[in-house]
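This report is written for a reader who is new to the structure. Please look at the sequence and the model first.

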Amino acid sequence: MRKALALSWEQKGRTGENPAVGCVIVKDGKIVGQGVTSDGGRPHGETNALQVAGRQAKGASVYVALEPCSHYGQTAPCANALIEAGIAQCVIAVIDPDPRVHWRGAALLQEAGIDTIIGVCEDDAFQVNADFFARHSK
Ligand SMILES: [Zn+2]
């Protein structure tokens with residue numbers, strides 16, 4: 001998770017209105033994929049990391065700095081992409097304050113039978129995207 005957050009910090013300020021979200025995919029103790037929200041906000045970190053991991057994402061653990069999204073915007077939701085990739089576990093730093101996502105991404109993962117852990121390094125995850133959280137708390 002620290003690595004996912006480090007990726008978020010590095011990308012901070014380049015993702016427009018979108019939060020900078022780092023994602024690291026670990027299998028058998030090794031990082032098989034990592035990514036962060038691209039410049040301008042798309043694609044999301046999870047999508048980028050899954051692309052690197054490819055088939056190795058099956059059965060892997062995913063560490064992500066923000067709850068994977070669950071709404072259809074310009075891209076398909078990351079939660080669905082993670083489910084399709086066949087991951088075994090998803091560790092989420094903090095729940096997305098966006099009402100379109102809030103707890104829904106995590107629920108999707110849980111319903112799909114993925115071991116979902118929430119609140120790891122939450123303070124750091126909140127700080128890296130403090131402006132994003134502030135916008136959604138209004
Ligand atoms: Zn997403």
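The text below covers strand pairing, a metal site, cysteines and aromatic rings.

The model is predicted, so local features need pLDDT of at least 70 and side-chain atom pairs count only at pLDDT 80 or more, while totals for chains, interfaces and linings use all residues. Residues are numbered from 1 along each chain as its sequence is written, and side-chain values use heavy atoms, with hydrogens and water left out.

**Strands**

Strands are DSSP runs (E, at least two residues), numbered from the N terminus, and two of them pair if DSSP finds at least two bridges between them. Strand 1 (residues 22-27) and strand 3 (residues 61-64) run antiparallel and are joined by four bridges. Within this pairing, C23 has V64 in strand 3 as its bridge partner. Strand 3 is also joined by four bridges to strand 4 (residues 89-92), and these two run parallel. Here Y63 has V91 in strand 4 as its bridge partner.

**Zinc site**

Which residues are the protein donors of the zinc ion? They are H44 (ND1), C69 (SG) and C78 (SG), at 1.8 to 2.3 Å from the ion. Donors are N, O and S atoms within 2.8 Å of the metal (3.2 Å for Na, K and Ca); water is not among the atoms, so sites may look incomplete. Along the chain the donors have the spacing H-x24-C-x8-C.

C69 counts as buried because its relative accessibility is 6%, and C78 counts as buried at 1%. Buried means under 20% relative accessible area, exposed over 50%, and partly exposed in between (1.4 Å probe, protein chains only).

**Cysteines and disulfides**

A disulfide is a covalent bond between the sulfur atoms of two cysteines. The cut-off used here is a pair of cysteine sulfur atoms within 2.5 Å. Searching the whole structure gives zero disulfides. C23 is in none, and its nearest cysteine sulfur, that of C90, is 7.4 Å away. C23 is buried, at 0% relative accessibility.

**Aromatic rings**

Rings of Phe, Tyr and Trp (its six-membered ring) pair if their centres lie within 6.5 Å; planes under 30 degrees apart count as stacked, over 60 as edge-to-face and the rest as tilted. The whole structure contains two aromatic pairs, as tabulated here.

| Pair | Centre distance | Plane angle | Type |
|---|---|---|---|
| F126 and F133 | 4.7 Å | 40 degrees | tilted |
| F132 and F133 | 5.8 Å | 75 degrees | edge-to-face |

These ring pairs link F126, F132 and F133 into a cluster. F132 and F133 are both buried, whereas F126 is partly exposed, with a relative accessible area of 44%. For F133 the relative accessible area is 7%.
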